[in-house]
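Please read the following points with the coordinates open beside them. They take up a helix, a sheet and a loop residue in turn.

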Amino acid sequence: MDNAAAEALKPMKATSDGVFQGENPLHSALPLAILQICIVVVLTRVLAFILRPLRQPRVIAEIIGGILLGPSALGHSTAFLNTVFPKQSLTVLDTLANIGLLYFLFLVGLELDLRAIRRTGSAALVIAVAGISLPFIMGIGTSFVLQHTVARGVPTGPFLVFIGVALSITAFPVLARILAELKLLTTDLGRMVMSAAAINDVVAWIFLALAIALSGSGSPLVSLWVLLAGAGFVLAAFLLLRPVLTWMARRSPEGEPVKELYICGTLAIVLAAGFATDTIGIHALFGAFIVGIVVPKDGPFAGVLLEKVEDLISSLFLPLYFVSSGLKTNVMTIKGGDSWALLVLVVATACIGKIGGTVIASLIARVPFREALTLGFLMNTKGLVELIILNIGKDRHVLNDETFAILVLMALITTFITTPVVMAIYKPARRGAPYKNRAVQRLNPHDEFRMMACFHSTRNIPTIINLMESSRGTRKRGITVYAMHLVELSERSSAISMVHKARRNGMPFWNKRRNGNGDQLVVAFETYQQLSRVSIRAMTAISDLQTIHEDVVTSAHQKRAALIVLPFHKLHQMDGHMESLGNQYQHINQRVLHHAPCSVGILVDRGLGGAAQVAASDVSYTIVVIFFGGRDDREALAYGMRMVEHPGIGLHVLRFLIQSGGATVSDRSTDDAFLEEFRTKVANGNDSVRYEDKPVGGKEEVVEVIKATGRCNLFLVGQGTPCMPLADWSSDCPELGPVGTYLALPEFSTVASVMVMKQYDPTAKHYELVEEVADIAVDVDTPGPSNRGTNTSFRAG
């Protein structure tokens, strides 16, 4: 029997000779580790996909995935456990998992800005202290109950501290992700809870250091030495290590790549710090966490470190830690009514302590009750740090199997309920002041024209800039453009990136990106602004594609936009055909059309002006307005009237007179009046304008006339135009309308861009996302060379 056990636990070879040599690859460390990583990644991603409709953070899927692979589910099968997770492989698995964890804690330290914590207001400080103190005290009370039931014989001091910390911690990175998902990160509530969570995080780590020091098997004097040595390490990191990292950061200026030597040096410092704290006896994770804290947050250095480390660690190595934890979690140890009652007690204690303490402190700080209750549930978020604490307790024999399983389930339950409860109890009121100019067509054409131009990638930028140049007009009050980059909120968007983008005046995360495309975007728009009379503000909205339309709509309302320009969801290819980005991008456009507070234009981009920005003196475009009648066609013509003010633009207006059907009598009279105004004020005596009436009898004649227009750069058409469908098959793009759908077909043209206009109708039923309040002060960001970086306050009335 002893020989069999020794054989089973003998060290594994690193690599296999292969199946053709008669070897089982799963008896070698590397192939087995590869299989384990693949199983973990696939399982957690599948679970994350399943849980996505419930708006759950990925950490929930990873915890559940770890539990499922452990003895609670699949690991209950001895054959599975011995094949995929044999005992002799666990050392390699735990080592890989802890290396991933080491660098993840380094990222968590990077996310914490001590200067921001020092600037935290008194309300957040009070909430943080109460949110730690009450659950910690209640956790100590619960620990006595556990000691007399399922945790007999464990050391009292460390057990009390571990339970107290486990119940009082808030997962800062998970919380940032939840807030971003719920669009609360930029609200007052979001800022307050993030500040409180940051304080909570730092205090929890101090408590954990104390718990680890106390859990040693030596005398109290040894524990004291461990604490003193740990404090000495922290002091040395700030006094000796910080200057070195600051020197690296200073030698990494904006706009230049960070030297590989600095990246390698910093990552090696993380490992060395982990070795130092492990030698002291307070776990290698502390060293990595402290290095992350002391890295300077100014400049691109911290952001580049995040980019280099985050994807590999979060995607491949970190999930291994959840499996390592799941293999220790056996839900089957929770047997009988007493054990399940203890689980209910622990969950209730965690919720009552954390939520109750936060609510009481919030009410004292004069936070309204609903916001206070929301704060409580948000602060009750657990996550990876919670698992780290529990695993350290398990490894140090402070927590037995049953207590460990109870606390893991507690962390899972409290985090799982956060998002649905917050969505149910807190719906932040998006309030804004009403404004009058919500369309291109307006009573006073000399009023300032405010436009929001959205784009998905740098590929759209030349067309957007050429469209701005074409739209600037010659009026005294020109054009203000908000160029909004729409970015999908992915799992790699770390908390520090999101927090840095959060600003007082924005639903979206304002553009603070310091590397890669961010620089290209800002430089492109700032360069154009300096060379033109157009005021531009570059913005970035980072959100889930299901809800990013809310960012567009609320920002357009806040900025008093008259027109939102959206990119068509299909991209023009070199061979002329259109390649779809996916239905999600089409649905964004449809949702914006449904909720927009102003006119909307969908731009089918076939390279307006070519693949590069065109100088104002070189602009030479022909624009064709196709006019059947109705509100949307009038909006398209109004936009054309503005564009033809540019000296390099020619306008060709085709009015189709359909002999059967068409616009209503009232619409036709309105159309006639508007066209008469156009002919009188714009067309007469203007060689750049050509107007034609075209009587047509059917679809074939309409198509023939449009094709006969010759080469042009841009078609302007209305979405709801009173025209029969021109395409030969049913449209999969109803947002373009009957004419726009035909013009977007590759069979029609491979060079002419199309703008499909939908005018804001104040008499129609609106599904508004912003509640309009007449007497409200609003901050409207008015960009320009003279006031860049400032906010001009307007009071609506």
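Predicted model: local features only at pLDDT ≥ 70, side-chain atom pairs only at ≥ 80, totals over all residues.

1. Residues are numbered from 1 along each chain as its sequence is written, and side-chain values use heavy atoms, with hydrogens and water left out.

2. The buried residues of α23 are Tyr585, Gln586, Ile588, Asn589, Val592, Leu593 and His595, where buried means under 20% relative accessible area, exposed over 50% and partly exposed in between, with a 1.4 Å probe and protein chains only. They pack against α22 (548-558), β5 (563-567), β8 (599-604) and β13 (753-758).

3. Both β5 and β8 belong to an open sheet of ten strands with mixed pairing, in the order β4-β3-β2-β5-β8-β13-β12-β9-β10-β11 (two strands pair if DSSP finds at least two bridges between them). Its edge strands, each pairing on one side only, are β4 (535-543) and β11 (689-696).

4. Within this sheet, β9 (residues 621-627) has six of its seven residues buried, so it is largely enclosed by the rest of the structure. From β9 the chain crosses through helix α24 (residues 631-643) to β10, in a β-α-β crossover that is right-handed, meaning that, with the strands pointing away from the viewer, the path from the first strand over the helix to the second runs clockwise.

5. Strand β9 pairs with β10 (residues 649-658) in the parallel sense over seven bridges; Val624 stands opposite His652, and Val625 has Val653 as its bridge partner. With β12, β9 pairs in the parallel sense over four bridges, and there Ile626 is partnered by Val717.

6. Leu769 sits in the loop between β13 and β14 (771-772) and is partly exposed, with a relative accessible area of 22%. Leaving aside neighbours within four places in sequence, Leu769 is in contact with Arg430, His549, Glu550, Val553, Thr554 and His595, contact meaning heavy atoms within 4.5 Å. Leu769 and Thr554 are 215 residues apart in sequence, yet 6.9 Å apart in space, C-alpha to C-alpha.

Methods:
Helix = DSSP H or I, 4+ residues; strand = E, 2+ residues; numbered from the N terminus.
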